Amino acid sequence: MTTADPLSTRDRERRDLFGWLVLVCIGLLATWLAVRGGARLGTASAPFLGSYRFELSPASLLAPLVAVAVLGAAWRGWIHRLPWWAVSTGATVAFFAWAVSLALVDGAGGLTRSLTPDSYLGDVQEVGDDPLAYLSSFTGRSAEHTTATRGHPPAPVLLLWAVQRLGVTDHLALGLLVTAVGALSVPMVLAAVRDMSGEAAARPYAPVLALAPYAVWTAVSMDAVVATLGAAMTLAGVRATRRHGWRAALWAVLAGLLLGVAALFSYAVAWLGLSVVFLNFARRRAALNMFAGLGVLLPVLGAAKLGFTWTDGLGTAYADFAERIEPHRSAMWWGLISVCALLLAVGPPLYASLRKVRNTPAGRSWSARPRRCCSRSARGWRAAASSTPGCRTSRGSPSPPSPRNAPAATPSPLPCSWSPWAPPPR
């Protein structure tokens, strides 16, 4: 078994980092041009039109301490020596601490930013004692909801209502609970990477997930729940491709079921289902898409039976967006800035993943297109080469020698030793 050259690995990592920095600089330049040019961005928050403040407090030291601890553990090789369950658990705890420490830069209020009366919590009281009535009237009363609730399905409000009914009413406790749910995405992503690429590739990925830049949103957004559901869906989809028969079908149904539940938290998460679709095609298990599709329909149709139609909610949310935001936001500039935000949130691993797309079946088939385009000409050249006396055909069999009194053959336009399947001469 051969191992990769450490120098070449480091060179690739440096090139990936450089490529990522180039893309980030392009995105930041586009952001600067948008702000300086007065583009319609439809927001007043940093880094677009907001202002910055410098504040140093004891809580500001928490995030650097967590980062030093994670990087120190990786440098000492613990991610390779510890058992797998310890690596997965440690990465989960580290991600939770990283997200909380980033939020605490603004004090305890940093953990409750999305749980103010102006957000989802402002609509919890409308549920009252009858969640089914709230569900059935959700679309019709969209104009009465808070801004956050208007752009989402009813599941975030209903989840907060259920948690409060269980006795968790303190905003700080709710923020910590939401962050903990978001941290559960880490072991699921690691398990999916382990199933796809092996444990040797999954272990070095643990510190990358533990210190992920997108943790700044995990502790302040209900989308952390969506991220965990999406990670669970991906893991179930991977497990489905590694099994056969009814076990594979059940895992595929579970993946679709998780996607359907996530779609009741966010309309945009439906696009995440493409990851499972592509995975099934890449592993030549396209039939599993049918079972996953059936799983998606279960929670969506169940919600429709209870009074909430997902498509009607999506249409209402878009109508609200078209009225409040779309007239004040340029789609072109916002799209460029969103790509920049994605690059910053994911970090250099995104560039490395894009580079490795060529190693996938789709990437290999695309890179092989020029060869296929020349196949007809190659067949003609092989025929010309094989008709020359004394030359070998492309299959390697010698042509019969010509008689002594035979007329000279027409010179071939190709050298006798040429073959389209042979390596080029050195």
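pLDDT is the predictor's confidence in each residue, from 0 to 100. The structure above is a predicted model, and the exercises below begin with that score.

**Exercise 1. Identify the stretches in which pLDDT stays under 50, and state how many contacts beyond four places in sequence the model has for residues 380–426.**

Solution. 
Step 1. Consider the protein as a whole: the average pLDDT is 78, and 79% of the residues score at least 70.
Step 2. Over residues 373–378 the score stays under 50, and the model has one contact beyond four places in sequence for them. Residues 380–426 also stay under 50, with 28 such contacts in the model.
Step 3. Draw the consequence for reading: where pLDDT is low, the predicted coordinates should not be read in detail.

**Exercise 2. Determine whether Thr241 is buried or exposed, and list the residues that Thr241 touches.**

Solution. 
Step 1. Apply the cut-off. Buried means under 20% relative accessible area; Thr241 has 9% relative accessibility and therefore counts as buried.
Step 2. List the neighbours. Leaving aside residues up to four places away in sequence, Thr241 touches Leu279, Asn280, Arg283, Arg285 and Leu288.
Step 3. Contrast another residue of helix α13, Ala227. Its relative accessibility is 42%, so Ala227 counts as partly exposed. Ala227 lies 45 residues from Gly182 in sequence, yet their C-alpha atoms are 6.5 Å apart in space.

**Exercise 3. Describe how α13 packs with helix α15 (residues 273–282).**

Solution. 
Step 1. For α13 and α15 the angle is about 15° and the axes are 10 Å apart. The two helices are therefore roughly parallel, and their crossing is right-handed.
Step 2. Name the residues that meet: Met233, Thr234, Gly237, Val238 and Thr241 from α13, and Gly273, Ser275, Val276, Leu279 and Asn280 from α15.
Step 3. Classify the residues of this contact: four are nonpolar, six polar and none charged.

**Exercise 4. Describe the packing of helix α18 (residues 331–346) with helix α19 (residues 348–355).**

Solution. 
Step 1. The angle between α18 and α19 is about 105°, and their axes are 6 Å apart.
Step 2. The pair is therefore roughly perpendicular.
Step 3. Leu342, Leu343 and Val346 of α18 make the contact with Pro348, Pro349 and Leu350 of α19.
Step 4. In the contact of α18 with α19, six residues are nonpolar, none polar and none charged.

How values were computed:
Residues are numbered from 1 along each chain as its sequence is written. This is a predicted model: local features need pLDDT of at least 70, side-chain atom pairs count only at pLDDT 80 or more; totals for chains, interfaces and linings use all residues. Side-chain values use heavy atoms; hydrogens and water are left out. Buried means under 20% relative accessible area, exposed over 50%, partly exposed in between (1.4 Å probe, protein chains only). Contact means heavy atoms within 4.5 Å. Axes are lines fitted to C-alpha atoms, for helices over the stretch in contact, and angles run from 0 to 180 degrees between N-to-C directions. Helices (H or I, at least four residues) and strands (E, at least two) are DSSP runs, numbered from the N terminus. Angles under 35 degrees count as roughly parallel, over 145 as roughly antiparallel, 65 to 115 as roughly perpendicular and the rest as oblique. A crossing is left-handed if the near helix is turned anticlockwise from the far one by less than a right angle, and right-handed if clockwise. Ala, Val, Leu, Ile, Met, Phe, Trp, Tyr, Cys and Pro count as nonpolar, Asp, Glu, Lys and Arg as charged, and the others, Gly among them, as polar.
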